Amino acid sequence: MERKVGTVVRGIRCPIIRQGDDLSQIVVNSVLEAARQEGFSLRDRDIVAVTESVAARAQGNYASVDAIAEDVKNKL
């Protein structure tokens, strides 16, 4: 049988991620809830990816707008 559909990509809406949040639990809950609401199923070998910016927020590894503005101000 010839495959008719290739890769399917879905953007999953998650709550706002803050430093210290349990990212794995948020991702699991968000993906399962989206699958339930939208009627798609998860299968063996499916891939769930998380952007680097989301992981950095959970780790507190980001620069705030105020910190960037202060750095620019100090360089002037």
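Me: How many helices and how many strands are there in the protein chain?

Reply: The protein chain has 3 helices and 0 strands. Helices are DSSP runs of H or I with at least four residues, strands are E runs of at least two, and numbering starts at the N terminus. Along the sequence the pattern reads α-α-α.

Me: What makes the protein chain more spread out than a compact globule?

Reply: Its radius of gyration is 18 Å, well over the 11 Å that the globule rule gives for 76 residues, so the chain is more spread out than a compact globule. The radius is taken over C-alpha atoms, and the rule is 2.2 Å times the number of residues to the power 0.38. Along the principal axes, the C-alpha atoms fill a box of roughly 65 × 25 × 20 Å.

Me: What are these values based on?

Reply: This is a predicted model; local features need pLDDT of at least 70, side-chain atom pairs count only at pLDDT 80 or more, and totals for chains, interfaces and linings use all residues. Residues are numbered from 1 along each chain as its sequence is written, and side-chain values use heavy atoms, without hydrogens and water.

Me: Why is Arg45 called exposed?

Reply: Its relative accessible area is 77%. Exposed means over 50%, buried under 20%, partly exposed in between (1.4 Å probe, protein chains only). So Arg45 counts as exposed. Of the 76 residues, 14% count as buried.
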